[in-house]
Amino acid sequence: MASSTIIKKILSPVSMLLLVMLICSNHVSSYSSNEEAQALLKWKASLHNHNHSSLLSSWTLDTSNFTNSSTHHGRATSPCKWYGISCNDAGSVVRINLTDWGLEGTLQDFSFSSFPNLAYADISMNNLSSPIPLQISLLSKLKYLDLSINKFSGGIPSEIGLLTNLEVLHLGENQLNGSIPQEIGQLTSLYDLALYTNQLEGSIPTSLGNLSNLVSLYLYGNQLSGSIPPELGNLSKLVEIYSDTNYLTGHIPSTFGNLKRLTVLYLFNNSLSGHIPPEIGNLKSLQELSLFGNNLSGPIPTSLGDLSELTLLHLFINQLSGPIPQELGNLKSLIYLEISQNKLNGSIPTSLCNLTNLETLYLRDNQLSGYIPEEIGKLRKLTDLEMDTNQLYGSLSEGICQSGSLVHFTVSYNYLSGAIPESLKVCKNLTRALFERNQLTGNISKVIGDWPNLEYIDLSYNKFCGELPHNWGRCGRLQRLEIVGNNITGNIPTDLGISTHLTYLDLSSNHLVGEIPKEMGSLTSLLDMILKDNQLSGGIPSELSSLSYLENLDLSSNRLSGSIDRRKTYYIKYTPMCASARVTPSNIVYQRYGYRSTGTRELNTQMCFLDII
């Protein structure tokens, strides 16, 4: 009995203490929750469109169902059930998610000090503006911060380096300027850093090399300059680097060869120079390598052939030289290979024909020579093949489109000879086929294949002969037809008028005879009709007056007569045209001489501008 009394005496003070602590805890929690609610309401009131946001309608003091002031002061002011707000068990705000709410305003009236437990803040995809407040550094427990796709301006505050628990920092697609603060290098827990599409300038801070947990780095679309810090090669956990579309100079650091987990390396559209480091071949996990639009020189490293996971290799628009490495034929996962607009020489390696997953192969604008490999027909998934503007010779491979998958095919400006292969004529997916400036031969009537999707074909300046085919109905989507400078004879086929999508027609410098078909008046989308330097005769069809979009009509150096009855200014080359068309003075309002600009080239050819009525 005595011992029981002693226990009660001991427990009684302990129980009282616990009760007092519990009451105090509830009071503190209630006070904290109330402060957070008041802070959110104050910020809401500062927003320009707070009365029009249905999502913010839940942000209000709920005074219903309370019986005394303590209830109203506590639970009724808790923001934990407000839309976009989450709390911990103690009722304190730990998460704010307002992404894509259409909010307009600033963060200047947001009381950062009122949210001591906030760990997650996402207000991306809104119309928030003004500088990022320095007080954001008061969110000491913050792990996730996303302010991307807004209109924040000014510099990134250096105080952001005080958020040492931060793991994700997204500030992309704003109007931020100035330099990247060195203090970001203090965020050693950071694994995702996105500063893309701003107006940031200056160099990439070497302190980023301290972010040992970094997995993703997005710096693209800024105005960053200077060299890439070799210290980035210390970030062994890096998986993605997007530093393209800046003004970066200098060499690609060889230390990048240490980034064994890297899957994406985008450095395109900069001013990088020097050689591609052979150490890049150590990146066995690399899937996409895009270095185009720089000033890189030297050979393509043979070590790139070791990147067995690579699906995309973009090296175009550089100053790369030497042969295409045979080792690229080892990249069995490759889908996109684009090495155009360099100074590559030698022949096209037959090993490229082993890339059975390849869909795009761009080799144009180099100094490649030799034959096109016969085995190229093995690339059954190939949709885009561009080899123009090289020094290739020989004939086109007979099986070049045996799978029927080709969509774009260009071999212009080479020394190719022989006929167009039969497999190419039945390539029904073909939309663009450019053969100009070669020595290809054959009867033109047998060249045009069964191409229902064809939009653009250029056969100019070859050695094709015969008469134009009468099967234009099979090319119902044709927009541009160029067959200049061949040995084409016969009449212009009347069914060319079926091609109502045609915008550009050039049949000049051939041996066409007869009249211009009146059916040409059905080509109502036509902008340019060039039939000069043939042997066409007869009158100019009155139906041409219905071509309301026609801007350039060149019928010079023919044997045409008559006039065009329409109110339109035509640009007609002044050879014998003005006389041979026999346009009478009564048809001419005025004549003047000048120059006509076509595309990016200035044609210093004297023109006769006629206003014809």
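How many bridges join E31 to strand E33 (residues 463–467)? Three bridges do, and the two strands run parallel. Before looking further, a word on the model: it is a predicted one, where local features need pLDDT of at least 70, side-chain atom pairs count only at pLDDT 80 or more, and totals for chains, interfaces and linings use all residues. Residues are numbered from 1 along each chain as its sequence is written, and side-chain values use heavy atoms, with hydrogens and water left out.

## Strands side by side

Strands (E, at least two residues) are DSSP runs, numbered from the N terminus, and two of them pair if DSSP finds at least two bridges between them.

E31 covers residues 439–443, and strand E29 (residues 415–418) pairs with E31 in the parallel sense over two bridges. Here you can find Gly418 opposite Leu440 of E31. Towards E33, Gly442 has Phe464 as its bridge partner.

Elsewhere, seven strands make up an open sheet with parallel pairing, in the order E3-E5-E7-E9-E11-E13-E15. Its edges are strand E3 (104–105) and strand E15 (247–248), each with a single partner strand, so one side of each is left without a neighbour in the sheet. Within this order, strand E5 (residues 127–131) and strand E7 (residues 151–154) run parallel and are joined by three bridges.

Next come the aromatic side chains. Rings of Phe, Tyr and Trp (its six-membered ring) pair if their centres lie within 6.5 Å; planes under 30 degrees apart count as stacked, over 60 as edge-to-face and the rest as tilted. The whole structure holds 17 aromatic pairs. In Tyr196 and Tyr218 the ring centres are 6.4 Å apart and the planes stand at 65°, so this pair is edge-to-face. Tyr196 belongs to the loop between strand E10 (192–194) and strand E11 (199–202), while Tyr218 is in strand E12 (residues 216–218), so the pair ties together parts that are 22 residues apart in sequence. Both Tyr196 and Tyr218 are buried, a word that means under 20% relative accessible area, with exposed meaning over 50% and partly exposed in between (1.4 Å probe, protein chains only).

Tyr220 and Tyr242 form another edge-to-face pair, at 6.3 Å centre to centre and 65° between the planes. Tyr220 sits in the loop between E12 and strand E13 (223–226), and Tyr242 in strand E14 (residues 240–242), 22 residues apart. Tyr220 is partly exposed at 26% relative accessible area, whereas Tyr242 is buried at 16%. These four tyrosines belong to one aromatic cluster, together with Tyr266, Phe268, Phe292 and Phe316.

Charges can also sit over a ring, which requires NZ of Lys or CZ of Arg to be within 6 Å of the ring centre and within 35 degrees of the ring normal. Arg95 does this over Tyr120, at 3.6 Å from the ring centre, and Arg480 over Tyr504, at 3.8 Å.

## Enclosed spaces

A cavity is a set of points on a 1 Å grid over the protein atoms alone where a 1.4 Å probe fits but cannot get out; lining residues have an atom within 4 Å of a point. Grid points are joined across faces, edges and corners, and a volume is the space filled by probe spheres set on the points. There are three cavities of 30 Å³ or more. For the linings, Ala, Val, Leu, Ile, Met, Phe, Trp, Tyr, Cys and Pro count as nonpolar, Asp, Glu, Lys and Arg as charged, and the others, Gly among them, as polar.

| Cavity | Volume | Lining by class |
|---|---|---|
| Largest | about 110 Å³ | 13 nonpolar, no polar, no charged residues |

Nearest the centre of the largest cavity lie Leu107, Phe110, Phe112, Ala121 and Ile123. For the second largest cavity, those residues are Ile376, Leu379, Leu382, Ile400 and Leu406.

## Loop residues worth a look

Most residues other than glycine have a negative phi. Thr389, which is not a glycine, has a positive phi of about 60°. Thr389 is placed in the loop between strand E26 (384–386) and strand E27 (391–394).

Notes. On a 1 Å grid over the protein atoms alone, a cavity is a set of points where a 1.4 Å probe fits but cannot get out, and a pocket is an open set with protein on both sides within 12 Å along at least five of seven lines; lining residues have an atom within 4 Å of a point. Helices (H or I, at least four residues) and strands (E, at least two) are DSSP runs, numbered from the N terminus.
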